[in-house]
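Reader: I have a protein model open. Please show me how to read it, feature by feature.

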Amino acid sequence: MKKFAVIFLSSVMVLSLTACGKEEEIPNTSPASTQTEVSSEISTEAETEQMESVSESSAESESQETEQTGENASGEHILIAYFTVPETDGVDTVAGASRVVVDGEVLGNNQYIAQLIQQEAGGDLFAIETVQEYPGTHDSLLEFAYNEMSENARPELATQIENLDSYDVIFLGYPNWNADLPMPLYTFLEQYDFSGKTIIPFTTHGGSGFSRTISTIQEIQPNANVVEEGLSISRNNVPDAQSTVTEWIAGLDVMN
Ligand SMILES: Cc1cc2nc3c(=O)[nH]c(=O)nc-3n(C[C@H](O)[C@H](O)[C@H](O)COP(=O)(O)O)c2cc1C
């Protein structure tokens with residue numbers, strides 16, 4: 001009986017110690033990496049994927065924070081928003097095309113100029129993308145864009161700026177389409193309030209320059225400071241635009 005009591009008491013002690021151990025684990029103060037390791041051991045494949053996507057997105061937001069080092073001389077933060085539709089057929093890729101190939105990657109003309117601006121000025125890149133994909137071939141794209149313009153369409157955007165308040169200077173790039181802004185630019189400009197911010201337009205084109213687009217931007221955003229010395233580059237000169245971009249940025253009042 002005595003032996004049974006000893007065994008019983010020992011068991012109670014062991015059980016209560018185990019319970020204490022578990023309770024201490026709840027407010028886990030171990031480093032986040034350790035916690036991830038532990039939970040990943042017991043996670044299902046789906047959970048692992050979910051965790052990977054969470055860690056990817058936190059890496060993305062981290063890199064956004066790190067990237068947001070682009071400032072002008074007054075310490076204002078810079079966003080470089082652009083719309084582009086690289087054409088995949090016909091025209092030569094070196095000059096006169098609606099695309100540039102950099103390290104094997106096909107970039108639209110305005111995407112490439114946006115990247116050059118970022119190299120010079122810093123800031124965050126933002127691609128204005130639509131839900132409806134545009135045709136990549138020249139003739140179909142012309143027809144599609146023409147119809148959109150005739151209908152005065154406002155194509156739905158697939159990408160959103162989440163932290164517009166943190167930017168003061170917005171470089172805004174787009175191709176000249178039918179001597180006007182591409183219709184997604186109307187959606188974009190009507191969707192956000194850029195009051196008090198500086199908008200610096202840039203465009204690539206086949207000969208028309210900006211047409212009236214800078215005035216149009218000013219009309220849609222009357223309380224923004226729209227810089228009239230925007231950068232207009234013929235598509236023929238896009239592949240060699242680096243020094244032009246450098247000089248233009250250096251000459252902008254808002255950057256000095
Ligand atoms: C639908 C469409 C309409 C265009 N209309 C004009 C125009 O009116 N004037 C002009 O100079 N270029 C015009 N272009 C040429 C583009 O502005 C030029 O190819 C530009 O560099 C394309 O930029 P992206 O590669 O960033 O889209 C047009 C191109 C397309 C596809």
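Author: Start with pairing. Two strands pair if DSSP finds at least two bridges between them. Helices (H or I, at least four residues) and strands (E, at least two) are DSSP runs, numbered from the N terminus. Here, S1 and strand S4 (residues 124–127) pair in the parallel sense over four bridges. In S4, Phe126 is the bridge partner of Ala81. S1 is also joined to S5 by five bridges, and these two run parallel. Leu79 stands opposite Ile170 in S5.

Reader: What kind of model is this, and how are residues numbered?

Author: This is a predicted model: local features need pLDDT of at least 70, side-chain atom pairs count only at pLDDT 80 or more, and totals for chains, interfaces and linings use all residues. Residues are numbered from 1 along each chain as its sequence is written.

Reader: How do I read pLDDT?

Author: pLDDT is the predictor's confidence in each residue, from 0 to 100. Where pLDDT is low, the predicted coordinates should not be read in detail. The protein chain has a mean pLDDT of 78, and 70% of its residues reach 70 or more. Over residues 1–67, pLDDT stays under 50. For that stretch the model has eight contacts beyond four places in sequence. Two residues are in contact if their C-beta atoms, placed from the backbone, lie within 7 Å.

Reader: How many helices and strands are in the protein chain?

Author: There are eight helices and eight strands.

Reader: Are the residues of S1 buried or exposed?

Author: First, the cut-offs. A residue is buried if 20 or more other C-beta atoms lie within 10 Å of its own, exposed if 12 or fewer, and partly exposed in between; C-beta atoms are placed from the backbone. In a regular strand the side chains alternate between the two faces of the sheet. Five of the five residues of S1 are buried, so S1 is largely enclosed by the rest of the structure. Ile78, Ile80 and Tyr82 are buried on one side, Leu79 and Ala81 on the other. Across the protein chain, buried residues make up 28% of the 256 residues.

Reader: How do I read a nonpolar core?

Author: In soluble globular proteins, nonpolar side chains tend to be buried together. A nonpolar core is a set of buried Ala, Val, Leu, Ile, Met, Phe, Trp, Tyr and Cys residues joined through C-beta atoms within 7 Å. The largest one here has 39 residues. Ile80, Ala81, Ile113, Ile117, Ile170, Phe171 and Ile199 touch the most other members. Several elements each supply at least two residues of this core, including strand S1 (78–82), H4 and S5. H4 gives the most, with six residues. Ile80 has contacts beyond four places in sequence, among them Ala114, Ile117 and Phe171.

Reader: What surrounds the ligand?

Author: A residue is near a molecule if its C-beta atom, placed from the backbone, lies within 6 Å of it. Here 22 residues surround the ligand, and the closest are Asn110, Pro175, Thr204, Gly206 and Ser208. Helix H5 (138–150) gives the most to this shell, with three residues.

Reader: Where does Asn176 lie?

Author: Asn176 is in the loop between strand S5 (169–175) and helix H6 (183–191). Asn176 counts as buried because it has 20 C-beta neighbours inside 10 Å. Beyond four places in sequence, the contacts of Asn176 include Thr203, His205 and Ser208.
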